[in-house]
Amino acid sequence: MGRKRRPCAATAAAAVAAAVLLAVSCCAPFAAAAPRPKHARISGNAGDVLEDDPVGRLKVYVYEMPRKYNVNLLAKDGRCLTHMFAAEIFMHQFLLSSPVRTLDPEEADWFYAPAYTTCDLTPQGFPLPFRAPRIMRSAVQYVAATWPYWNRTDGADHFFLAPHDFGACFHYQEERAIERGILPVLRRATLVQTFGQRNHVCLQEGSITIPPYADPHKMQAHLISPATPRSIFVYFRGLFYDMGNDPEGGYYARGARAAVWENFKDNPLFDISTEHPATYYEDMQRAIFCLCPLGWAPWSPRLVEAVVFGCIPVIIADDIVLPFADAIPWEQISVFVAEADVPRLDSILASIPLDQVLRKQRLLASPAMKQAVLFHQPARPGDAFDQILNGLARKLPHPKGVFLKPGEKVIDWNQGLESDLKPW
């Protein structure tokens, strides 16, 4: 049931919306970033993206893996190139031609094994949760048996991409992900993953949280004039209930999405619906605030889309760890609303001073801000590929304890769910 809202909240929200519509829109989302010096912030006030140049700061050795771990999976299902998990494919392609790549493993700071764990899909296009951990475990076994470098550290100087709903727990349902936990053979490696939530068993210390993949070319094709007024106060398209997986309707999104719908479905300032119109990207460019609530996991491509289209992200996901949080000033470009406070969402957004709204919009208009959340092809300075490399560079040099004594082992290869130990 919906609740009664105080008229003053809607009136205040309307006033804020009207005032913000007078603001002049800024730079186009895909403007090229200006050349910048190494290891420096872009010019301007606090709130800019940290723009380090990773070249010269680290060297990465890319293992040459059997095709069954990557290119054969991609050839079998081309949807892997366009879904939100595609970062693992494009990162591999990027590294093969990156100046940080080394062909000499003896001089490498990091080792990378390209295994496309989210490219083995169901007919509906979702990664098979029982296959993904077996693919990864098999890839690690191959690396450990073929080269000596894994065995020196039990993988502590290796990184793996795990752009799954719950990262290296490899499942889309939280209860099942928690039951599995992080794949044991990866527990000393650095995980580069879309999932990030504090105090969660699926977030490993030292992991690098990345944005999900959103097609830059597709978004660019939907750009509208930057002078277009932002006539929508709050915008959201997506599920509010997942009755297929949560028939009682209380567990999905921990009830936060249901609360949005029940409280604001009739509010004229909230343009929310389950329908996904052809004008979705254009509508985001006409909106002031874009809701980015948790679903089964705390993240979604909406966060990337909101940043690219200059719509202030309203992040509703308690304890979320945001992508590249050490480089992107999320607190200054977003609004954070606790899941329990969703029923007050109208008054919360209406109470944000106009000068703060305008400042967030100006920061979001920065080309560097947009660049940092996108996996461009070809890569661009400061984009998501660079941010990953910078995250790895900031973890160097490896501490002495990373390297094991001869014969020493840390990882138990027989640990884990019985189903995950089956050969792939």
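This is a predicted model: local features need pLDDT of at least 70, side-chain atom pairs count only at pLDDT 80 or more; totals for chains, interfaces and linings use all residues.
## Where two helices cross

Let's start with helix H3, which covers residues 87-96, and helix H15, which covers residues 384-393. Their axes come within 11 Å and cross at roughly 80°. Angles from 65 to 115 degrees count as roughly perpendicular, so that's the label for H3 and H15.

Which residues of H3 and H15 meet? On the H3 side you'll find Phe-90, Met-91, Phe-94 and Leu-95. Facing them from H15 are Phe-385, Asp-386, Ile-388 and Leu-389. Sort the residues of this contact by class and you get seven nonpolar and one charged, with no polar ones.

## The largest cavity

The structure holds five cavities of 30 Å³ or more, and the largest has a volume of about 80 Å³.

By class, the lining of the largest cavity splits into seven nonpolar, two polar and two charged residues.

## The second largest cavity

How big is the volume of the second largest cavity? It comes out at about 60 Å³. Among the residues lining it are Ile-320, Val-321, Leu-322 and Pro-323, along with Trp-299, Ser-300 and Leu-303. Thr-194, Thr-209, Ile-210 and Pro-212 are also part of that lining.

Here the classes come to eight nonpolar and three polar residues, and no charged ones.

How values were computed:
Residues are numbered from 1 along each chain as its sequence is written. Side-chain values use heavy atoms; hydrogens and water are left out. Axes are lines fitted to C-alpha atoms, for helices over the stretch in contact, and angles run from 0 to 180 degrees between N-to-C directions. Helices (H or I, at least four residues) and strands (E, at least two) are DSSP runs, numbered from the N terminus. Angles under 35 degrees count as roughly parallel, over 145 as roughly antiparallel, 65 to 115 as roughly perpendicular and the rest as oblique. Contact means heavy atoms within 4.5 Å. Ala, Val, Leu, Ile, Met, Phe, Trp, Tyr, Cys and Pro count as nonpolar, Asp, Glu, Lys and Arg as charged, and the others, Gly among them, as polar. On a 1 Å grid over the protein atoms alone, a cavity is a set of points where a 1.4 Å probe fits but cannot get out, and a pocket is an open set with protein on both sides within 12 Å along at least five of seven lines; lining residues have an atom within 4 Å of a point. Grid points are joined across faces, edges and corners, and a volume is the space filled by probe spheres set on the points.
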